[in-house]
Amino acid sequence: MAPSAVAMCACRFFAGLGIGAVLSSLITLASELSPSKHRGWYITIVGGFWTLGSVFIALLAFILFGRNNYSWRIFVLIAASPTLLGGILVYAFVPESPRYLALHGRYQDAADVANHVAESFGYIGEKLSVGEIREHYCHLTEEKDYLLQKNDNAMKKIRDLYGKTLLYNVTLPLQIVWFSMSFGSGLCTWITKLFEEIGLSDIYLQSLYFALANIPGNALATVLVDRVGRKALLFGSMTSAALCLGLAAHGANDAEARQLQVILSSCAFHSFLVTGWCALSVMTSELFPTSIRGTGMGVCSGVGRIAGILVQYVNGAFIDQPLVLLLTAATCMMTGAFAPIICKLQDMTDKHLFEIPSMAMGVVEGDGQAVHKIV
């Protein structure tokens, strides 16, 4: 337990490092272990446990603070427990990405993992052989530019992310959306205080309703992400979230008479926000090639973290002006919604993942390549 505010900040810093690593690797791994046809569905299901965690935290706060008067230390201790359990389960049961193994020349391990994953999905066809993986990946691992050199690997991945192949078609548009989404999501951190400033009653109960709105948002993403496509779902959810913030701002003008409007529009905003995050997570993991997918997710997540830091100052400055605060977030969300359309981001629905940046200019469809028979 932290003995001072400085120690608390230090602990939060190191916790942030861990969360950043989890965010960049979790969706990457889920995308590389999922079959193309249902990739969006599986990634959304994985993201759904973020929803469960949000509901758990809101319910915990409602019980410990809303109905009792427990110490915040008890709250933090209980909240941290699932993280330890999750780490143990991942280490014990989740395999390494076969794409990652193949790109590193570990063809036998890649074949074993791919066949194991395929069997878990109910695949009963011919197994993937080491020879097939070697044939498909050998030229990639042997190319001088994509050998994973210890002294140059990290900087090379950054150069690939901001190279001419990906910069304007993938990296910058995704970073704009991540910034916008993270800026809008900053309201979630302040929602209890915002409800208090607006004048709502029983703010912890309202915050619980706000957290429960995660569930329909995640369900909507699960149903639609592979049907309507990632880009359409992202645009629709971000614009809808912005409009809901507008309705909340309208209700905040006369909160005493429009409490229900504020609560319902806030919950609807949270639902659409979660749907947007699901679509964005799927889109980001698919557009970056395997060789830099984790790095790309990490960089986008880092941009989101920067937005998350900036929005705390903005929210703190305008928390006593709920109308301005809500309209600022709505404007940022609406701006980010158009970035994928203006920059013409590809929609990778039911398409195979890229392996290296030079492949990202064309989309490979169908199941003709050996490595795609299973994963």
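Which residues do ring pairs link into a cluster? In this predicted model, the cluster consists of Trp 41, Tyr 42 and Phe 121, joined through ring pairs.

**View 1. Phe 269 and its surroundings.** Neighbours within four places in sequence are set aside here. Phe 269 then contacts Gly 184, Leu 187, Phe 210, Ala 241, Cys 244 and Leu 245.

**View 2. Helix α10 is largely enclosed.** The rest of the structure largely encloses α10, because 7 of its 10 residues are buried. The buried set is Ile 203, Leu 205, Gln 206, Ser 207, Leu 208, Phe 210 and Ala 211. These residues pack against α2 (39–66), α8, α9, α11 (214–224) and α13.

**View 3. The crossing of α10 and α13.** The two axes come within 8 Å and cross at roughly 35°. The crossing is right-handed. From α10, the contact uses Gln 206, Tyr 209, Phe 210 and Ala 211. From α13, Ile 263, Ser 266, Cys 267, Phe 269 and His 270 take part. By class, the contact has 6 nonpolar and 3 polar residues, with no charged ones.

View 4. His 270 sits in helix α13. Its relative accessibility is 8%, so His 270 counts as buried. Residues up to four places away in sequence are not counted in what follows. His 270 touches Cys 188, Phe 210, Ala 211, Ala 213 and Asn 214. Two of these, Phe 210 and Ala 211, are among the α10 residues that make the contact with α13.

**View 5. Trp 178 and Trp 277, an edge-to-face pair.** The count of aromatic pairs comes to 8. In this one, the ring centres of Trp 178 and Trp 277 are 5.2 Å apart. Their planes stand at 70°, so the pair is edge-to-face. Distant parts of the chain are linked: Trp 178 is in helix α8 and Trp 277 in helix α13, 99 residues apart. Trp 178 counts as buried, at 8% relative accessibility. Trp 277 is partly exposed, with a relative accessible area of 22%.

**View 6. Phe 195 and Phe 210, an edge-to-face pair.** The ring centres of Phe 195 and Phe 210 lie 6.3 Å apart. With the planes at 85°, the pair is edge-to-face. Phe 195 belongs to helix α9 and Phe 210 to helix α10, 15 residues apart in the chain.

Technical notes: Residues numbered from 1 in each chain as written. Predicted model: local features only at pLDDT ≥ 70, side-chain atom pairs only at ≥ 80, totals over all residues. Heavy atoms only, no water. Contact = heavy atoms within 4.5 Å. Buried < 20%, exposed > 50% of the residue type's maximum accessible area, 1.4 Å probe, protein only. Helix = DSSP H or I, 4+ residues; strand = E, 2+ residues; numbered from the N terminus. Phe/Tyr/Trp six-rings, centres within 6.5 Å; stacked < 30°, edge-to-face > 60°. Axes fitted to C-alpha atoms, helices over the stretch in contact; angles between N-to-C directions. Left-handed = near helix turned anticlockwise from the far one by under 90°. Nonpolar A, V, L, I, M, F, W, Y, C, P; charged D, E, K, R; others polar.
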